[in-house]
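Here is a walk through one protein chain, from its overall fold down to single side chains. Keep the structure open while you read.

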Amino acid sequence: MSVKGEKYKSKKAKMKHEKSEGKKERMMEYGKKGGMSDILDGKLARDRNQITELGKLLDPIADKAMLATATIISSSLGLLSWWITVIFLTREVLVTVLRFAVLKKGVIPASRGGKLKTFFQNFGVGFYILPLPTYLNLPRDIFMSIAILLTITTGIDYFKRAFAK
């Protein structure tokens, strides 16, 4: 291959890398904004004592939409394994369908375990997006392992609670 061909290849690779970095930066910015608005919304609802059945239903769906966006984009950029995205999204879809199926019996509010799961999922995905030094790979992977474990166990718990009613 000629020197000109090598320069073209390396320029193309550089452009691809820059495009990927730009996507990561936008994804982190959207994630921060979405997360902060979710926190603010919840705080305002609690402070004003405006917690409604509709809010109990829609807030977890909004959380799931943010997680779905982050995991799909992270996986498509090669930052997160697809099998993790599949586990997260399968659980979220199943729990959402379950919540609608038992809606006549009442809304199943997010449990403490579900909230903890959301925390570990969101930060876990964030740790895969951030350009962390390699010595933090083990703590990052342990954090994600906890997120996966909580995802599965809280999903099972939601089904147990729904069918116990």
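A residue counts as buried when its relative accessible area is under 20%, as exposed when that area is over 50%, and as partly exposed in between. Take Lys 117. Its relative accessible area is 4%, so Lys 117 is buried. That label will return for several charged residues below.

Now the overall picture. The model is predicted. The chain holds 5 helices and 0 strands. Read from the N terminus, the order of elements is α-α-α-α-α. The chain has 165 residues, and 30% of them count as buried. Its accessible surface is about 11100 Å². Carbon and sulfur atoms supply 66% of that surface. Contacts say something about the fold too. Take those with a separation of 6 or more: 75% of them join residues 24 or more positions apart.

Go back to Lys 117. It sits in helix H4, which spans residues 112–129. Which residues does Lys 117 touch, leaving aside neighbours within four places in sequence? They are Arg 91, Glu 92, Ala 147, Leu 150, Thr 151 and Thr 154. Ala 147 is 30 residues away from Lys 117 along the chain, yet their C-alpha atoms are separated by 5.8 Å.

Charge pairing comes next. How many salt bridges does the structure hold? The count is 5. One of them joins the side chains of Glu 92 and Lys 64, at 2.7 Å from N to O. This pair links distant parts of the chain.

Asp 157 is partly exposed, at 31% relative accessible area. Arg 161 is partly exposed too, at 30%. Elsewhere, salt bridges with shared partners join Lys 64, Arg 91, Glu 92 and Lys 117 into one network.

The side chain of Arg 140 meets that of Asp 141 in a salt bridge, 3.1 Å from N to O. Asp 141 has a relative accessible area of 28%, so Asp 141 is partly exposed. Not counting residues up to four places away in sequence, Arg 140 touches Phe 127 and Tyr 128. Where does Arg 140 lie relative to the ring of Tyr 128? Arg 140 lies over the face of Tyr 128, 4.1 Å from the ring centre.

That leads to the rings. A pair of aromatic rings is described by the distance of the centres and the angle of the planes. The count here is 7 aromatic pairs. In one of them, the rings of Phe 127 and Phe 143 have centres 5.1 Å apart and planes at 80 degrees, so the pair is edge-to-face. The pair links distant parts of the chain, with Phe 127 in helix H4 and Phe 143 in helix H5, 16 residues apart. Phe 127 is partly exposed at 26% relative accessibility, whereas Phe 143 is buried at 18%. Ring pairs also build a cluster from Phe 119, Phe 120, Phe 123, Phe 127 and Phe 143.

Phe 119 lies in helix H4. Its relative accessibility is 39%, so Phe 119 counts as partly exposed. Together with Leu 116 and Phe 123, Phe 119 forms a nonpolar surface patch. The accessible area of the three together is about 280 Å².

Methods: Residues are numbered from 1 along each chain as its sequence is written. This is a predicted model: local features need pLDDT of at least 70, side-chain atom pairs count only at pLDDT 80 or more; totals for chains, interfaces and linings use all residues. Side-chain values use heavy atoms; hydrogens and water are left out. Helices (H or I, at least four residues) and strands (E, at least two) are DSSP runs, numbered from the N terminus. Buried means under 20% relative accessible area, exposed over 50%, partly exposed in between (1.4 Å probe, protein chains only). Contact means heavy atoms within 4.5 Å. Accessible areas come from the Shrake-Rupley method with a 1.4 Å probe; for residues, only the protein chains shown count as cover. Patches are made of residues with over 30% relative accessible area and no salt bridge: like charges are joined within 9 Å, nonpolar side chains (Val, Leu, Ile, Met, Phe, Trp, Tyr) within 5 Å. A salt bridge is a side-chain nitrogen of Lys or Arg within 4 Å of a carboxyl oxygen of Asp or Glu. Rings of Phe, Tyr and Trp (its six-membered ring) pair if their centres lie within 6.5 Å; planes under 30 degrees apart count as stacked, over 60 as edge-to-face and the rest as tilted. A charge sits over a ring if NZ of Lys or CZ of Arg is within 6 Å of the ring centre and within 35 degrees of the ring normal.
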